[in-house]
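Hello,

Here is the structure for your files. My notes on it follow below.

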Amino acid sequence: MVKDLCVACGKCALYCPVKAITVDEAAFVDQEKCVECGTCIRAECPVDALRQPDLKPPRLIRKLFSDPLATFAETEVPGRGTEEMKTNDVTNNVDFGEAGWGIELGRPGVSTSFTDVEKVAMALAEHCVEFLDLNPVSMLIDHGTGKFTENNPWKSSPSDIRRLRSLSAILEFKTTKEKVPEIIQTLKEVSGEIDTVFSVGLISRWKDGELELLPLVEEIPGVEARPNSKHNMGIGRPGSG
Amino acid sequence: MTHTLYREGSVESLKNDFIFVITGAKGFNKKGCAPRLREMLRIISSFNPVNMGSMEVGNLGRGMPTKEIINNVTDAAIAQAAFDDKETAIKVLRALKEADLGISVTISGLTDEVKEIMREAGVGDYPHTTNLALGFMGRREKAASDDTRLVTTMCGHHMISEGITEHMLKMIKDGRTTPMEAAIRLSKQCTCGAFNTVRAAQILEQLAGK
């Protein structure tokens with residue numbers, strides 16, 4: 001924020017999705033709350049007073065997890081850095097008899113601390129879930145324990161990572177389909193121990209015209225599949241590259 | 001990511017919301033896929049989506065011309081387009097199938113409607129894979145209100161804040177803007193192009209009348 005330029009119109013504060021900006025004589029960005037999503041910069045400040053400095057790790061990690069215009073070099077995917085099930089017709093990452101999971105901490109619109117990301121990852125790791133490799137959160141955690149490790153692409157220490165916040169962060173993993181009830185129970189339990197929200201996506205194949213995992217979900221009290229979901233059309237195929 | 005999943009609203013209000021996403025698969029067909037993505041976007045754009053774009057490029061909602069979006073798409077793109085009616089979605093899917101470019105296509109929308117789209121387009125009777133939205137858990141009181149989320153969840157990256165949505169709603173109520181003008185203004189914040197401006201305008205109009 002260039003204070004000398006700011007006219008305190010408050011426009012950027014309205015656009016900030018995490019309420020990190022307050023306005024008095026000039027706009028002030030709370031660096032603890034700010035997730036470096038870039039929304040305020042794209043909010044058309046009338047005097048161009050907002051700038052994003054050249055970020056270095058660990059601060060850069062906030063941007064990578066929050067700004068859809070940032071691309072994870074390791075996964076080659078912009079957005080939150082995952083292909084999820086968009087390409088499952090080609091990759092078969094989630095097969096019959098398996099459950100794919102996408103637990104997006106901070107969504108919808110609340111944001112998350114990485115302490116909470118680790119808390120949920122550790123709870124899931126106790127159930128021997130298979131964290132997917134091509135996922136940015138997977139690159140920060142030990143897949144056996146769910147704890148942050150310094151063995152990450154940004155060489156950031158676990159304590160530095162725990163101090164981060166992002167607009168959201170997606171834990172992606174696989175289990176057998178039999179584990180669906182216990183994973184949902186674990187999610188319910190850990191949801192009471194965190195200071196944010198998470199959205200739950202369950203990836204399933206279709207078998208003989210039926211969504212394979214839907215009957216399992218329907219038996220679990222308090223959980224309901226929404227009538228709208230995301231569907232892979234099955235018209236992709238492997239090629240080169 | 002799951003940026004077109006978790007859109008909220010009644011079945012009735014989701015009947016005009018279909019989002020197509022196309023992307024290459026790393027290690028399988030991503031390398032060198034940009035020309036095929038461009039061809040698919042050319043097909044999609046010929047059916048006049050209400051929004052279209054790609055994260056690293058820009059989108060119609062932010063005022064980028066269609067040609068520029070298509071030409072700037074790279075191998076890394078996750079490109080998307082929003083349509084507000086089923087009949088057009090059928091035509092788009094049929095055209096993408098006939099083009100047979102081997103790139104994965106997903107459609108987010110009501111499951112029953114999407115299955116019908118697939119059948120009518122000759123793609124099959126049911127999807128290959130589905131990501132089921134099971135809602136959200138945790139400190140629910142920290143999220144925006146149920147009404148506001150009808151609009152904000154249409155940008156899965158959450159670039160559209162609670163604050164600007166409620167501000168736009170107030171402007172509509174005060175007669176300082178129209179629902180469609182407000183929807184277009186909001187869509188500028190959605191960097192990828194998944195925001196359905198037509199549906200947003202309808203929701204804003206309903207909320208303003210409450």
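At what angle do the axes of helix α3 (residues 86-99) of chain B and helix α4 (residues 111-121) of chain B cross? They cross at roughly 50° and come within 8 Å. Axes here are lines fitted to C-alpha atoms, for helices over the stretch in contact, and angles run from 0 to 180 degrees between N-to-C directions. Helices (H or I, at least four residues) and strands (E, at least two) are DSSP runs, numbered from the N terminus.

Before the rest, the conventions. This is a predicted model, in which local features need pLDDT of at least 70 and side-chain atom pairs count only at pLDDT 80 or more, while totals for chains, interfaces and linings use all residues. Residues are numbered from 1 along each chain as its sequence is written, and chains are lettered from A and ligands numbered from 1 in the order in which they are written.

**Helix pairs in chain B**

α3(B) and α4(B) are therefore oblique to each other; angles under 35 degrees count as roughly parallel, over 145 as roughly antiparallel, 65 to 115 as roughly perpendicular and the rest as oblique. On the α3(B) side the contact is made by B:K86, B:A89, B:I90, B:L93, B:R94 and B:K97, and on the α4(B) side by B:E113, B:I117, B:M118, B:E120 and B:A121. Two residues are in contact if their C-beta atoms, placed from the backbone, lie within 7 Å. By class, this contact has 6 nonpolar, 5 charged and no polar residues. Ala, Val, Leu, Ile, Met, Phe, Trp, Tyr, Cys and Pro count as nonpolar, Asp, Glu, Lys and Arg as charged, and the others, Gly among them, as polar.

Helix α7 (residues 179-187) of chain B packs on helix α8 (residues 197-208) of chain B at about 125°, with the axes 8 Å apart. That angle makes α7(B) oblique to α8(B). The crossing of α7(B) past α8(B) is right-handed. Residues in this contact include B:M180, B:I184 and B:L186 of α7(B) and B:A201 and B:L204 of α8(B). The residues of the contact divide into 10 nonpolar, 2 polar and 1 charged.

**The chains**

Chain B has 8 helices and 6 strands. Its C-alpha atoms fill a box of roughly 50 × 35 × 35 Å, taken along the principal axes. Of its 210 residues, 59% count as buried (20 or more other C-beta atoms within 10 Å of the residue's own; exposed is 12 or fewer, partly exposed in between; C-beta atoms are placed from the backbone).

Chain A has 7 helices and 12 strands. Buried residues make up 50% of its 241 residues, and its C-alpha box along the principal axes is roughly 65 × 40 × 35 Å. In helix α2 (residues 59-66) of chain A, the buried residues are A:I61, A:R62, A:L64, A:F65 and A:S66. Their cover includes β3 (71-72), β8 (165-166) and β9 (169-176) of chain A.

**The interface**

In all, 76 residues of chain A are in contact with 72 residues of chain B. β10(A) gives the most to the side of chain A that touches chain B, with 10 residues. By class, that side has 33 nonpolar, 27 polar and 16 charged residues.

Regards

Notes:
A crossing is left-handed if the near helix is turned anticlockwise from the far one by less than a right angle, and right-handed if clockwise.
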